[in-house]
Amino acid sequence: MGKVSIGLRGWRFDEDDVFTDAGGWRPLEEIPKEPRHRLVRLQVVMNKPCDACYLIHGEENKRQCRVASIVYGEPLDEVLLCDEHEADFLYWFRERGGSSIAGEETFRDAFHEWFDDGGRAPDGYGGMEHVEEAPEELPDLRDPEDLYEDDDLLADERPDFDEGEEGNEDDDDADAEDDFDLDLDREYPT
């Protein structure tokens with residue numbers, strides 16, 4: 001088996017860690033700690049605004065933010081990005097020293113500071129090529145509160161879109177991604 005992104009692009013999971021041989025979800029308790037923490041964090045950060053958009057628009061205009069579609073970094077210090085701002089992050093990571101602090105607690109804050117100070121990728125700077133295969137068919141994860149009580153993984157200081165408020169999406173397929181919930185109890189399509 002190979003690697004797969006679930007919910008948001010960026011974090012990759014070994015299929016053997018999260019899926020059974022029959023193609024269904026492993027019980028969350030059987031998933032190794034690191035991928036389990038990432039899966040739980042995905043439940044918390046999915047459908048949040050892109051960090052870069054939020055730095056531009058702020059709380060007052062968060063409806064102008066795009067919904068994040070990409071996650072980089074480590075759980076609890078992750079950076080959420082829309083497709084449009086991924087190149088800015090990759091430029092910071094590759095060319096402006098971001099890779100030197102990968103895994104450190106200052107990772108997200110350092111990117112935010114660089115971006116907020118006007119840091120941007122040069123025009124034409126390439127992003128990553130992502131391969132998507134039927135993201136709307138992924139099953140839902142169990143509710144993380146079923147397994148984790150009062151855990152830091154469940155907390156997030158990022159703003160949510162208000163009830164009925166959506167981010168500024170560029171394409172019609174984004175609505176399908178906004179309604180995406182993970183459920184380990186459903187069968188994974190093979």
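The legends below describe close-up views of aromatic side chains in a predicted model.

**View 1. The aromatic cluster of the predicted model.** In total, 13 aromatic pairs are present in the structure. Pairing between rings joins Y72, F89, Y91, W92, F93, F107, F111, W114, F115 and Y125 into a cluster. A pair of aromatic rings is described by two quantities, the distance between the centres and the angle between the planes. The views that follow show members of this cluster, among them F89, W92, F111 and F115.

View 2. The ring centres of F89 and W92 are 5.6 Å apart. F89 has a relative accessible area of 2% and is buried. W92 is likewise buried, with a relative accessible area of 3%.

**View 3. The F111 and F115 pair in helix α5.** F111 and F115 form a tilted aromatic pair, with 5.9 Å from centre to centre and 35° between the planes. Helix α5 (residues 107-116) contains both residues. F111 and F115 are four residues apart, about one turn of the helix. Both F111 and F115 are buried.

**View 4. R120 over the ring of F115.** R120 is positioned over the face of F115. The distance from R120 to the ring centre is 3.5 Å.

Terms used
Residues numbered from 1 in each chain as written. Predicted model: local features only at pLDDT ≥ 70, side-chain atom pairs only at ≥ 80, totals over all residues. Heavy atoms only, no water. Phe/Tyr/Trp six-rings, centres within 6.5 Å; stacked < 30°, edge-to-face > 60°. Buried < 20%, exposed > 50% of the residue type's maximum accessible area, 1.4 Å probe, protein only. Helix = DSSP H or I, 4+ residues; strand = E, 2+ residues; numbered from the N terminus. Lys NZ or Arg CZ within 6 Å of the ring centre and 35° of its normal.
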